[in-house]
Amino acid sequence: MNYKVDYKVKNIMDVPSLGNCFLEGEIGARVDRFILERVSGKFALEEILREAENFFKTQYDDIYTFGYWRSEFWGKLMLSAVRCSQYKNDNVLKEELRKSCYTMLSYQREDGYLSTYRNSDNLYPVDVVKSALYSGWEANYCWNVWGMKYTLWALIEAYEYLDDQKILTGAIKLSDWIVAKFALDGTRVKDSGVMDGMPSSSILKPMLVLYRITGDEKYLNFGKDIVKEWSRKDNERPNLITNALSGEAVADWYGLSSKKLNEGHDLGSDWVPKAYEMTSCFDGIIEMYRVTGDEVLLDAAKAFYEMLKKYESNILGSVGYCERYQHGASYADSATEICDVLHWMRLCYELFRLTGEAKYMQSFEKAFVNAYMAGVYEDGKMSAFFVRSAGRHYRAQPQCESMYQHCCLNNVGRGLTNAAESCVTKSDTGYFVNMFTQSYVRFGDTDIRVGAGYFDSGWVGIAVRNPEKGKKLYLRIPEWSKNTKIRVGLGDDVVVPVCGDYYEVELNEDTTIMKIRFDMTTEVINCEWEPIPDGDYHSHRWGDGVFGLCNKEMMLKCSKVVLRRGPVILARSKKFGAKEEDMFSLDTLYGKKIDSIIARPIINNIGVLVTLRVHITVDGEVKEYILCDFASAANIDTNDPKFFSIYL
Ligand SMILES: [Zn+2]
């Protein structure tokens, strides 16, 4: 693809093109099943994709007082499908995607408007009083611009894939309509939609991509107007750049004195730090940095990452708690939305591409092999809305009166392809193995293969064939692998003097084979429980109810222990014979003296990353557990509210 505008700042890290990088082993099999069931198969195309297209034909997202978000479903499906089609080199799917784009363009109004909202003036928050009268729920929902963002982005990526001018013309018409509409209304993008305009403002990213494709400065200026609103002296919400640079916890950015709270057109301050929408805006901030070279934008994105890591890292490898940033790191338990995991991974991925720093891939891997893969159900037909640390995951029920569409489920394919691209990357100096899940990657004539074993034995074979002259190999040694050994070719085992950073390996001209042995010592993580105020949102999410749980007493009223081995959090599950009364007992290992932990992988278990027979000596007594990786503990559709637990 030729762009009329070059980046001012180039990525340090190149990723392999999709179609030249493949996830293999158990994760690869799950990815393939998901693509077949939700993206490329007959049902996916004829039912799921068709339904999403039809929302643009029927346009009934705004028939109620508050608006729905059916507007996002086609865009998310198409963004995933474009990438999955490339990943699988699927030319049949490619033509189906072209057809789908044409169908969408047939619903585009002459003036460029293309949406599931019939009323094109309906871009702004709705009155909560009217909304409550109708629905009983004080939601100021309007997702029109947010939906157009997904449609626009999908059309642009489809154009980049299909090289089809008709699709690009449709994308240009839509973005021209959006730019002109805000100019005509005399409003800011942040005035539109919900949550202080964060969902709408995330349109920044596709607008900047379109600017690079067309060279039309109006898209850049539109983006600059969005970014300008995030560095305000009066700290009007959301003020993302100024707040990110402050280093304060996001949950504390907006105090109760915040003036919008009293205006009656708001979901309330609790919903302002909405994780998915907020993190989505940083996709655009990072893109603006690449386009303009304005260092403050990169500094803000880096500071946002550090702040989330410090205050919002949850036990599942993601950030936030149940869709929001609210000191997620301080909770003993967790539940995390799949879209939040995805956008955390995307933030890490983009910062890694710009900086090449190991820490970003460390966070990416932790999120991917734990929280994200836990959300992709084993049959490939379904995902979680959010994954929990015990009980069962919260299924992605179809939303907005649809049959098959869900916010998270429609996003899943993108995260899987982001992961495939991230396993091995390339810089001017060499090849970087960032994740050790089984994969195969090609850069031109160079092949790199990462073998099995990362999750069970911790021994991973890597082969590099035909490297470019002078290029080296860099292996990311995870921060938990304190004692790593490597054997290159027929040489001796060497202790790797690096932990939490890259280790450099010289490559032969033809083929280099090596074996790494990671330190699989089991780590004990203490999860201390603290009293939770009545009515706390976090308590509410664990309440008993149709979608809720569970043993509230155990989940919310006792401290517990979690084990980590290698890259994965371990869990007990009924899949592997764990008993309910053991998993949800108030008698936990917390505070007890653990003398030793011996964990031995159980061979020949299909459908898991790892299962282990674990002997823990506690106060002189040996207890036996069968544990598996968190991602495999409950990646099924179950009505059983006491199916698994990561707690001991
Ligand atoms: Zn979601």
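**Strands and a helix pair**

Guide: Strand 2 and strand 3, residues 384-388, pair in the antiparallel sense over three bridges. Keep in mind that this is a predicted model.

Visitor: Which residue is the bridge partner of Ala335 in strand 3?

Guide: Arg388 in strand 3 bridges to Ala335.

Visitor: What packs on the sheet there?

Guide: Helix 14, residues 338-355, does. Helix 14 touches strand 2 and strand 3. Its direction makes about 70 degrees with that of strand 2.

Visitor: OK, zoom out. What's the strand order in the sheet?

Guide: The order is 2-3-5. Three strands make up this open sheet, and the pairing is antiparallel.

Visitor: And which are the edge strands?

Guide: Strand 2 (335-337) and strand 5 (394-395). Each of these pairs on one side only.

Visitor: New topic. How do helix 3 and helix 6 cross?

Guide: Their axes come within 7 Å and cross at roughly 20 degrees. Helix 3 covers residues 73-87, and helix 6 covers residues 144-162. An angle under 35 degrees counts as roughly parallel, so helix 3 and helix 6 are roughly parallel to each other.

Visitor: Left-handed or right-handed?

Guide: The crossing of helix 3 and helix 6 is left-handed.

Visitor: Which residues meet there?

Guide: From helix 3, they include Trp74, Met78, Leu79 and Val82. Among their counterparts in helix 6 are Tyr150, Trp153, Ala154 and Tyr161.

Visitor: How do the contact residues divide into nonpolar, polar and charged?

Guide: The contact of helix 3 with helix 6 has nine nonpolar, three polar and two charged residues. Lys76 in helix 3 and Glu157 in helix 6 are among the residues that meet.

Methods. Residues are numbered from 1 along each chain as its sequence is written. This is a predicted model: local features need pLDDT of at least 70, side-chain atom pairs count only at pLDDT 80 or more; totals for chains, interfaces and linings use all residues. Two strands pair if DSSP finds at least two bridges between them. Helices (H or I, at least four residues) and strands (E, at least two) are DSSP runs, numbered from the N terminus. Two residues are in contact if their C-beta atoms, placed from the backbone, lie within 7 Å. Axes are lines fitted to C-alpha atoms, for helices over the stretch in contact, and angles run from 0 to 180 degrees between N-to-C directions. Angles under 35 degrees count as roughly parallel, over 145 as roughly antiparallel, 65 to 115 as roughly perpendicular and the rest as oblique. A crossing is left-handed if the near helix is turned anticlockwise from the far one by less than a right angle, and right-handed if clockwise. Ala, Val, Leu, Ile, Met, Phe, Trp, Tyr, Cys and Pro count as nonpolar, Asp, Glu, Lys and Arg as charged, and the others, Gly among them, as polar.
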